[in-house]
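This report goes through the fold of each chain in turn and then the contact between the chains. The sequence and structure come first.

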Amino acid sequence: MEVSMSDLIKADKILDLKGLACPLPVVKMSKGIKEVEIGQIVEAQTTDPGSLTDFPAWAKTSGNEILQTDQKSDVIKFYVKRVS
Amino acid sequence: MKVLEKQVAELQSQLDALKQKSPSDKLSLIVFSGDLDKALAAFVIATGAVAMGMEANMFFTFWGTPLLRDKHKHVGGKDAMGKMFGTMLPTGTTQAKLSKMNLGGMGTVMMKALMKKKNVSSLKEFLALAEELEVNILICEMSMDLMGFKREEMIDYKYLTYGGVASFLAEAADSKIQLFI
């Protein structure tokens, strides 16, 4: 039986960013990540297709880590670990 | 050994000088245009920069300045030219028009409806977001003087200052990114 990563990753906080347009997903993500401790994980849900490239760019610049990206139909889920 | 020590000390001082000269994680934007589409781009970039961990500064000059007028504030005592500019230029972000395809106002109305449908924030919402994110806004004093705008008719914004080119350049010189819109 196949086990997807999302079953294994436990998020400490879920951010619903569905329906938001650029730049709000990254703006809210950057705020949301500060609400968890370093080492904890935020699950961000977006529907903006641009976030597929924006989130990795944001993570690289802000020094955080995207553990896993899941895309099911229109909803994209990012599992982001707070590193800095 | 002494030579080596001297070299290390020299290198250290050079490194300190370099560090002092290298720009900070800042964005400095010149908002010259008062067009809806261009101002929208400016706000997307400024608020996005804060999300990326940068400090953002916006310098509103020339046609950009009327976007920061408050439509609920009215001041008197203007001369004929001041009154004319006051009437012809937009009073705040809600009156900004598209730079292309305005079609006598129709295009702007359609674009605003489209933005709403696609969940793209309006300029008014972006201004509130910018304030929440502590984006600094500097208004060009000379432009205000030219167009007859007074400080009393500008918006209330927590991180607003008035100044000139030197104030902008001091920030821009210390910014990794500078853009003119």
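In chain B of this predicted model, 77% of the contacts between residues at least 6 apart in sequence join residues at least 24 apart. For chain A, the corresponding share is 62%. Further values for the two chains are set out below.

**Chain B**

Along the sequence, the elements of chain B are arranged as α-β-α-β-α-α-α-β-α-β-α-β. The radius of gyration of chain B is 21 Å, whereas the globule rule gives 16 Å for 181 residues; the value is well over the rule, so chain B is more spread out than a compact globule.

The strands of chain B form an open sheet of 5 strands in the order β4-β3-β2-β1-β5, with parallel pairing. At the edges stand β4 (160-163) and β5 (175-180) of chain B, each with a single partner strand, so one side of each has no neighbour in the sheet. From one strand to the next, the twist averages 20 degrees.

Helix α2 (residues 36-51) of chain B packs on this sheet, where it touches β1 (24-31), β2 (55-60) and β5 of chain B. The direction of α2(B) makes about 170 degrees with that of β1(B). A further helix, α7 (residues 165-173) of chain B, lies across β1, β2, β3, β4 and β5 of chain B. Helix α7(B) runs at about 145 degrees to β1(B).

The pairings can be followed strand by strand. Strands of a sheet pair through backbone hydrogen bonds, in either the parallel or the antiparallel sense. Strand β1(B) pairs with β2(B) in the parallel sense over 6 bridges, and I30(B) has F59(B) in β2(B) as its bridge partner. Strand β1(B) also pairs with β5(B), again in the parallel sense, over 5 bridges. In that pairing, L29(B) is opposite L179(B) of β5(B). Strand β3 (residues 136-140) of chain B pairs with β4(B) in the parallel sense over 4 bridges, with C140(B) opposite G163(B) of β4(B).

**Chain A**

Chain A reads α-β-α-β-α-β-β along its sequence. Does the radius of gyration of chain A agree with that of a compact globule, or what else does it show? A compact globule of 84 residues would have a radius of gyration near 12 Å, and chain A has 12 Å, which agrees.

Chain A also contains an open sheet, here of 4 strands in the order β1-β2-β4-β3, with mixed pairing. Its edge strands are β1 (13-17) and β3 (65-72) of chain A, and each pairs on one side only. Neighbouring strands of the sheet are turned by 15 degrees against each other on average, direction ignored. Strand β2 (residues 41-46) of chain A and strand β4 (residues 75-81) of chain A pair in the antiparallel sense over 6 bridges. Within this pairing, Q45(A) is opposite K77(A) of β4(A). Helix α2(A) packs on the sheet and touches β1 and β2 of chain A. The direction of α2(A) makes about 160 degrees with that of β1(A).

Helix α2 (residues 24-32) of chain A also meets another helix, α3 (residues 51-62) of chain A. Their axes come within 10 Å and cross at roughly 35 degrees. The crossing of α2(A) and α3(A) is right-handed. On the α2(A) side the contact is made by P25(A), V26(A), M29(A) and S30(A), and on the α3(A) side by S51(A), D54(A), W58(A) and S62(A). By type, the residues of this contact are 4 nonpolar, 3 polar and 1 charged.

**Contact between the chains**

How many residues of chain B are in contact with chain A? There are 10 residues of chain B in contact with 12 residues of chain A. On the chain B side, the residues that touch chain A divide into 4 nonpolar, 5 polar and 1 charged.

Technical notes:
Residues are numbered from 1 along each chain as its sequence is written. Chains are lettered from A and ligands numbered from 1 in the order in which they are written. This is a predicted model: local features need pLDDT of at least 70, side-chain atom pairs count only at pLDDT 80 or more; totals for chains, interfaces and linings use all residues. Helices (H or I, at least four residues) and strands (E, at least two) are DSSP runs, numbered from the N terminus. The radius of gyration is taken over C-alpha atoms; the globule rule is 2.2 Å times the number of residues to the power 0.38. Two residues are in contact if their C-beta atoms, placed from the backbone, lie within 7 Å. Axes are lines fitted to C-alpha atoms, for helices over the stretch in contact, and angles run from 0 to 180 degrees between N-to-C directions. A crossing is left-handed if the near helix is turned anticlockwise from the far one by less than a right angle, and right-handed if clockwise. Ala, Val, Leu, Ile, Met, Phe, Trp, Tyr, Cys and Pro count as nonpolar, Asp, Glu, Lys and Arg as charged, and the others, Gly among them, as polar. Two strands pair if DSSP finds at least two bridges between them.
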